[in-house]
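Biologist: I would like to learn how to read a structure such as this one feature by feature, with the general idea set out before the particular case. Could we look at it together?

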Amino acid sequence: MESVRGVNVPMYTTLRRTTVVFTMIVESILAGQKYSRPIIGSVVIIVFGAFVAGARDLSFDFYGYAVVFLSNITTAIYLATIARIGKSSGLNSFGLMWCNGIVCGPFLLLWSLIRGDLALTMDFPYLFSPGFLVVMLMSCILAFFLNYSIFLNTTLNSAVTQTICGNLKDLFTISLGWFIFGGLPFDLLNVLGQLLGFVGSGLYAYYKLMGK
């Protein structure tokens with residue numbers, strides 16, 4: 001959320017696609033995971049597509065890009081940790097989510113207090129508005145199912161697979177970003193890069209299913 005202040009939504013999605021590389025590196029360090037050449041090749045196609053898509057982005061913002069790549073690194077560590085702890089501790093997805101909430105809750109509360117977000121929330125004029133509360137409740141429900149899906153997929157498969165699966169939703173994110181938020185004019189090179197990313201994701205899924 002911090003990075004989208006300086007990076008438009010389609011480009012944010014493009015940069016986030018490079019998370020798979022960081023995830024593979026972290027998994028190889030933490031779990032000694034080895035990857036076959038077809039899997040590495042599909043990931044190379046994804047990353048190459050990401051760079052092709054962003055080759056003509058003129059809205060470069062160093063702070064925004066730095067936050068995105070920092071998010072990529074932390075996401076990789078986060079997913080690899082979930083995969084490792086989930087398989088070694090015997091905890092199911094709900095147990096992992098519960099532990100994650102207990103560990104992260106105090107840090108999030110402290111950070112919100114330091115940044116002043118907590119005070120801004122309390123001063124929000126529609127905080128107790130029925131409409132706002134309904135929307136907030138629906139958002140929390142969707143966030144719960146999203147996190148549960150991430151934990152379940154990561155523990156049953158792998159951190160890299162979860163990262164690749166996240167790329168499949170990019171089609172909707174990019175389309176909505178272009179039509180609703182704007183900020184990135186239509187460009188053939190960008191479209192080509194996005195298509196390469198989707199092709200790489202499809203190849204990864206195929207090779208995983210084939211056991212290669």
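Modeller: The protein chain holds ten helices and zero strands, where helices (H or I, at least four residues) and strands (E, at least two) are DSSP runs numbered from the N terminus. Read from the N terminus on, the elements run α-α-α-α-α-α-α-α-α-α. This is a predicted model, in which local features need pLDDT of at least 70 and side-chain atom pairs count only at pLDDT 80 or more, while totals for chains, interfaces and linings use all residues. Residues are numbered from 1 along each chain as its sequence is written, and side-chain values use heavy atoms, with hydrogens and water left out.

Biologist: What share of the 212 residues of the protein chain counts as buried?

Modeller: A residue is called buried under 20% relative accessible area, exposed over 50% and partly exposed in between, with a 1.4 Å probe and protein chains only. By that rule, 33% of the 212 residues of the protein chain are buried. The chain exposes about 13200 Å², of which carbon and sulfur atoms supply 75%; such areas come from the Shrake-Rupley method with a 1.4 Å probe, and for residues only the protein chains shown count as cover.

Biologist: How should I read the packing of two helices, and at what angle do the axes of α2 and α3 cross?

Modeller: Two packed helices are described by the angle between their axes and the distance between the axes. Axes are lines fitted to C-alpha atoms, for helices over the stretch in contact, and angles run from 0 to 180 degrees between N-to-C directions. Here the axes of α2 (residues 19-30) and α3 (residues 37-53) come within 9 Å and cross at roughly 145 degrees. Val-20, Val-21 and Met-24 of α2 make the contact with Ile-40, Val-43 and Val-47 of α3, contact meaning heavy atoms within 4.5 Å. By class this contact has six nonpolar, no polar and no charged residues, where Ala, Val, Leu, Ile, Met, Phe, Trp, Tyr, Cys and Pro count as nonpolar, Asp, Glu, Lys and Arg as charged, and the others, Gly among them, as polar.

Biologist: And pockets: what volume does the largest pocket have, and which helix gives the largest share of its lining?

Modeller: On a 1 Å grid over the protein atoms alone, a pocket is an open set of points with protein on both sides within 12 Å along at least five of seven lines, whereas a cavity is a set where a 1.4 Å probe fits but cannot get out; lining residues have an atom within 4 Å of a point. Grid points are joined across faces, edges and corners, and a volume is the space filled by probe spheres set on the points. The largest pocket has a volume of about 2100 Å³, and of its 44 lining residues the closest to the centre are Met-1, Tyr-12, Arg-16, Ser-71 and Thr-75. The largest share of that lining, nine residues, comes from α5, and the lining divides into 19 nonpolar, 17 polar and eight charged residues.

Biologist: Which helix gives the most to the lining of the second largest pocket?

Modeller: Again it is α5, with five residues, in a pocket of about 220 Å³. Its lining includes Tyr-78, Ile-82, Cys-99 and Phe-151, and by class it has nine nonpolar, two polar and no charged residues.

Biologist: Where does Val-191 lie, and how accessible is Val-191?

Modeller: Val-191 lies in helix α10 (residues 188-210) and is partly exposed because its relative accessible area is 23%. The C-alpha atoms of Val-191 and Val-52 are separated by 8.9 Å, although the two are 139 residues apart along the chain.
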